[in-house]
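Hi everyone, thanks for coming. I'd like to walk you through a structure with the model up on the screen, so please have a look while I talk.

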Amino acid sequence: MSEKGMLVLKQLYKTFNPGTVMQKTALDGVTLTLQPGDFVTVIGGNGAGKSTMLNAIAGSFQIDSGSILLSGRDITHLPEHRRAAFLGRVFQDPMMGTAASMNIEENLALAARRGQRRGLHWGITASERSAFREKLSTLDLGLENRLGSKVGLLSGGQRQALTLLMATLKKPELLLLDEHTAALDPKTAEKVLRLTSQLIRENGLTALMVTHNMKDALALGNRTIMMHEGRVILDLNARQKQTMTVEDLLAQFEQASGKQLANDRMLLT
Amino acid sequence: MNITQLLNQLPGAAAQGLIWGIMAIGVYITFRILDTADLTVDGSFATGGAVAAILITSGVHPLLATAIAFLAGLLAGLITGVLHTGMGIPAILAGILTQLALYSINLRIQGLGTDLGSRANVPLSINKYKNMLVSLRNVGSFSIENPIWLMLLITVVLIGIMYWFFGTEYGCGLRAVGSNQQMARAQGISTGRGKIVGLMISNGLVAFSGALMAQYQGFSDVSMGRGAIVIGLAAVIIGEVIFGKLFRNFALKLLAVSLGAIIYYLVIQVVLWLGLNTDDLKLLTALVVALFLAMPYWKSHMAARRMKGGKPVV
């Protein structure tokens with residue numbers, strides 16, 4: 001596999017709770033390269049290592065071995081808050097990505113300074129405020145008139161849309177989406193997903209999106225990977241995705257893993 | 001029960017409330033903004049008093065002595081912060097450890113220059129050190145000497161500084177750490193460093209308040225900070241209960257904390273006047289704080305019950 005790429009994961013290994021009955025190998029030699037502009041959807045059963053892979057990239061924990069390169073930079077040992085300069089992140093839990101006790105504009109202002117030195121200048125400027133209002137109006141959620149509202153008062157969908165906007169406000173080298181629509185109702189999920197594609201397309205972002213919805217996984221992005229027991233077992237390019245159906249995907253999974261794809265959370269339609 | 005006796009006590013209570021109000025603003029920073037209960041304050045309050053007292057008695061100008069007391073408080077906060085974030089000790093335990101250690105340290109500070117090398121009490125007579133910033137001697141007068149004026153000025157300036165600081169990029173980052181650590185890290189903010197800085201500022205203010213209290217009461221005592229955290233919490237909670245609906249702005253919230261401390265001392269003065277034994281004061285304070293801390297829990301409990309009953313929650 002090529003050394004070059006926006007993101008290069010080389011032989012990532014991670015075992016949680018080693019030496020205990022809870023021992024769990026979450027990443028078992030994950031190797032993956034993303035080219036600039038790749039929008040990769042990630043699918044797999046429960047405990048396949050999808051979220052663990054994203055969290056390893058984000059630096060939520062240190063991996064046991066392997067290396068992580070972003071734009072040619074080795075970020076393997078960088079602490080989580082230092083990697084934030086390059087990464088945009090949206091979590092499964094809508095409460096995770098925003099500060100509930102702060103208002104909308106303060107959250108956006110924090111995100112606008114992601115990874116930058118924070119000094120003693122005033123935390124938000126007038127020109128930012130109008131730019132935020134403009135960006136919020138594109139969400140079509142009426143948030144542009146609620147800049148001063150506490151984020152804790154927003155619905156899950158509104159918070160997730162806001163988190164998405166925050167993650168892309170300062171263009172990230174890589175956008176990490178960890179089942180970010182899983183906790184939303186179907187209608188809201190669809191809206192947030194549409195916004196996701198739009199933001200990725202408009203900003204030309206490189207993105208990794210974990211989803212449990214096989215249909216979404218095939219419909220979105222230019223590449224789909226399937227994970228199983230801490231490894232990437234299937235890698236489909238844009239052309240392969242076009243002809244692939246959910247049934248094909250299930251068959252491919254059985255072939256590659258030797259198992260039935262048993263996952264009650266997986267949406268097949 | 002003589003009402004003039006009570007009225008004579010009120011200015012003193014207000015002055016004490018203003019001084020403790022600064023301490024309570026320090027508590028507000030950790031308890032409300034950083035969302036951690038920091039018990040260092042019982043120790044750092046006395047540290048502030050000890051440092052100021054020992055410096056003033058050795059001829060340092062009280063203004064400089066008070067400033068150095070503030071620095072000593074920063075250091076106390078730094079120690080708790082490192083125990084917590086650098087050594088993985090739970091915040092509440094880290095604070096207790098620092099507080100305990102400070103008891104010995106405070107005895108040593110107060111003992112500087114004495115034969116024994118440790119001392120429980122340092123007298124600070126206003127007759128001897130005439131340029132002390134505040135003193136209870138003038139608290140009944142209407143002159144500019146009345147410590148209430150200076151305390152009001154200090155409180156207003158302090159609230160202004162805090163309002164500015166927590167509105168800056170850095171201050172907003174600290175608030176994010178207190179609100180959602182995962183989000184803070186995802187925005188590139190070091191939560192460990194943020195907590196340390198927050199604990200330092202908080203304890204700096206607490207020690208500053210202790211330095212003023214030592215000058216006001218005319219002595220520094222190693223146990224002057226006992227129960228300080230509870231008084232601080234009482235001020236925060238009284239302020240929130242009375243002014244919470246009214247004061248939305250951050251500066252006004254801090255003002256509410258200071259007012260909470262004043263109200264606390266006025267109420268204490270009244271219950272003492274009504275005949276409560278001074279020895280029972282801490283018990284009363286603890287009960288009141290426990291009651292107010294329980295209120296939001298009870299409220300949510302009752303709301304949940306109403307939900308179960310199928311009745312709409314208003």
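Reading from the N terminus, the elements of chain B come in the order α-α-α-α-β-α-α-α-α-β-α-α-α. That gives chain B eleven helices and two strands. Please keep in mind that this is a predicted model.

How compact is chain B? Its radius of gyration is 20 Å, close to the 20 Å that the globule rule gives for 314 residues, so chain B is as compact as a globular protein of that length. If you draw a box along the principal axes, the C-alpha atoms of chain B fill roughly 70 × 50 × 35 Å.

Let's go inside chain B and look at two helix pairs. Take helix 3, residues 62–86, and helix 8, residues 191–217, of chain B: they pack at an angle of about 145°, and their axes are 6 Å apart. Helix 3 of chain B passes helix 8 of chain B in a right-handed crossing. By class, the residues in this contact are 17 nonpolar, 13 polar and one charged.

The second pair is helix 5, residues 147–165, with helix 10, residues 250–273, again in chain B. Here the packing angle is about 140° and the axes are 9 Å apart, which makes helix 5 of chain B oblique to helix 10 of chain B. The crossing of helix 5 over helix 10 of chain B is right-handed. If you want to find this contact on the screen, helix 5 of chain B brings B:Thr155, B:Ile159, B:Met162 and B:Tyr163, while helix 10 of chain B brings B:Phe250, B:Ala251, B:Leu254, B:Leu255 and B:Ser258. Sorted by class, the residues of that contact are seven nonpolar, two polar and no charged.

Now for the domains of chain B. The domain assignment gives domain 1 as 3–276 and domain 2 as 279–314. Their C-alpha centres lie 28 Å apart. Ten residues of domain 1 of chain B are in contact with ten residues of domain 2 of chain B. Which elements of domain 1 of chain B give two or more residues to the side that touches domain 2? They are helix 9, residues 228–243, and helix 10 of chain B. Helix 9 of chain B has the largest share, with six residues. That side of domain 1 of chain B has nine nonpolar residues, one polar and no charged.

Over to the partner, chain A. Chain A has nine helices and ten strands. With 269 residues, a compact globule would have a radius of gyration near 18 Å, and the 19 Å of chain A agrees with that. Its C-alpha atoms fill a box of roughly 55 × 40 × 40 Å along the principal axes.

Chain A is also split into domains. In the assignment, domain 1 of chain A is made of 1–86 + 172–269, and domain 2 of chain A is 101–171. The centres of these two domains, taken over C-alpha atoms, are separated by 27 Å. In the contact between them, 15 residues of domain 1 of chain A meet eleven residues of domain 2 of chain A. On the domain 1 side, helix 6 of chain A, residues 186–203, gives the most, with seven residues. By class, this side of domain 1 of chain A has ten nonpolar, four polar and one charged residues.

Finally, how do the two chains meet? The contact takes 25 residues from chain A and 19 residues from chain B. On the side of chain A, helix 2 (80–83) and helix 3 (104–112) each supply at least two residues. Helix 3 of chain A has the largest share, four residues. The side of chain A that touches chain B has eleven nonpolar, eight polar and six charged residues.

Let's zoom in on helix 3 of chain A. Its axis and that of helix 6 of chain B, residues 169–179, come within 10 Å and cross at roughly 110°, and that makes helix 3 of chain A roughly perpendicular to helix 6 of chain B.

Technical notes
Residues are numbered from 1 along each chain as its sequence is written. Chains are lettered from A and ligands numbered from 1 in the order in which they are written. This is a predicted model: local features need pLDDT of at least 70, side-chain atom pairs count only at pLDDT 80 or more; totals for chains, interfaces and linings use all residues. Domain bounds come from an automatic or database domain assignment. Two residues are in contact if their C-beta atoms, placed from the backbone, lie within 7 Å. Ala, Val, Leu, Ile, Met, Phe, Trp, Tyr, Cys and Pro count as nonpolar, Asp, Glu, Lys and Arg as charged, and the others, Gly among them, as polar. Axes are lines fitted to C-alpha atoms, for helices over the stretch in contact, and angles run from 0 to 180 degrees between N-to-C directions. Angles under 35 degrees count as roughly parallel, over 145 as roughly antiparallel, 65 to 115 as roughly perpendicular and the rest as oblique. A crossing is left-handed if the near helix is turned anticlockwise from the far one by less than a right angle, and right-handed if clockwise. The radius of gyration is taken over C-alpha atoms; the globule rule is 2.2 Å times the number of residues to the power 0.38.
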